[in-house]
Amino acid sequence: MRSIQFEVTNPFGIHARPAAILAQACVKMPSQITVKCNGKTANGNNVLQLLKLHAGQGSVLEIIAEGGDEAGSLEQVEKILNDTFAERKKVDVLKIAFFGTKDYDRLFFSELIKDKGEGTFNCDINFFSTRLTPETAYLAKGYDAVCIFVNDECPEQVVNTLADGGVRLILLRCMGFNNVDLKAAANRGLTVIRVPAYSPYAVAEHAMAIIMAANRRLHKAIYRVKDNNFSLDGLMGVDLHNKVAGLIGTGQIGQCFARICKGFGMTVIAWDAYPNKKLEEEGLLTYVEKNDVYAKADLISLHVPLFMGEGGTYHIIDADALSRMKPDAMLVNAGRGALIDTDALIAALKDGKFHAVALDVYEDEDAYVYTNHSDDFIRHENLIRLLSFPNVIVTSHQAFFTREALQAIAGTTLENARNFNEGNPLGNGECKA
């Protein structure tokens, strides 16, 4: 364990922006960082706890690093806290219309926008519970920007309404941008920025969690025991040890999933349109042809973005791909619903294919995810059919839903807004047609 003392000299203290930047950095550090101030203690990777320290100018922080590269981690923390976070120029507060608001969105974003002025995110947000759709786009009139999520709709009609109302910026608080007409946005002069990464661990861990639950039939076992039924009939799973995991896509999330699979003692094979040879060199995985992944893998996991058109990933898992998979294979999708042809998947399931299928996403999910329909009749025919199979688990697009991911999404989204407002470089989050 190592520790340092740090005196806060910033006139604004440890306000929302440096707290958000520090928390995101601490998530990735090899050491566990703890910060003490004013008789309070905060985990370095928790932005809300850091803000509750109320560390103002003149406060003295005790920063403790435990495990990993303690000296390097403390050096990185000190550098972050020494930065001035100054604006490049004086700008007005950016007004943002925030669509599809949930309590957890408000929790993180509201805390980060309390401060205004030099070095802060310098934004005002009006939270709307409704999704962005052609019917609700008029609500953004008079705002500089909109902030939207994966289930919001931003086709050309919406883009035009936003532009006519004065919106100049579309902030995506997610990685995917397939719900935005980028060509229309470019034509109307709107900038589109996404969150290129938040927590690949969150998505990869959820993908493994739900396929394990489907494999071991935990969704059935839990309710069976609650009904005082302790029989094991129909609950048999399979070992993952010594099985073959096949990945479609080896970006950050795919790499995290591969490492989890290696931890189970699996052999990992993968396909990617742009192979990362370093992953082969370190012995994490072996690249093969796409059809070889389908034919050889016992567990197939999808980690590619959704692209439409020729050479895209729409329905990358179609009837032909499904026919190549082992009869008792396992399939998990925590990417985008339209990566899988749902009709073809249902047909395969009806024929007895697959030991287990786990879906965090499914086609045409927008009307149902993130909302409570417990008193409604589900009218999504394919969703009803998927839920009827005992070897299928469906969750509500929640793979991203961890504290670390949410604070990273909020911090990165507001940093994107600040960079746009101040004319700073937008980085690799900018989406272009």
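Modeller: Ala, Val, Leu, Ile, Met, Phe, Trp, Tyr, Cys and Pro count as nonpolar, Asp, Glu, Lys and Arg as charged, and the others, Gly among them, as polar. This is a predicted model, where local features need pLDDT of at least 70, side-chain atom pairs count only at pLDDT 80 or more, and totals for chains, interfaces and linings use all residues. Residues are numbered from 1 along each chain as its sequence is written, and side-chain values use heavy atoms, without hydrogens and water.

Biologist: How many polar residues are in the lining of the largest pocket?

Modeller: A pocket is an open set of points on a 1 Å grid over the protein atoms alone, with protein on both sides within 12 Å along at least five of seven lines, and lining residues have an atom within 4 Å of a point. The largest pocket is lined by 47 residues, and Arg-194, His-303, Val-304, Pro-305 and Leu-306 lie nearest its centre. By class, 26 are nonpolar, six are charged and the polar ones number 15.

Biologist: Which element gives the most to the lining of the largest pocket?

Modeller: Helices (H or I, at least four residues) are DSSP runs numbered from the N terminus. α7 (200-215) and α9 (252-263) each supply at least two lining residues. With three residues, the element that gives the most is α9.

Biologist: What is the volume of the second largest pocket?

Modeller: Grid points are joined across faces, edges and corners, and a volume is the space filled by probe spheres (1.4 Å probe) set on the points. For the second largest pocket, this volume is about 750 Å³.

Biologist: Which residues lie closest to the centre of the second largest pocket?

Modeller: The lining has 17 nonpolar, 11 polar and six charged residues. Of the 34 residues that line the second largest pocket, the closest to its centre are Gln-24, Lys-28, Ala-197, Tyr-198 and Thr-412.
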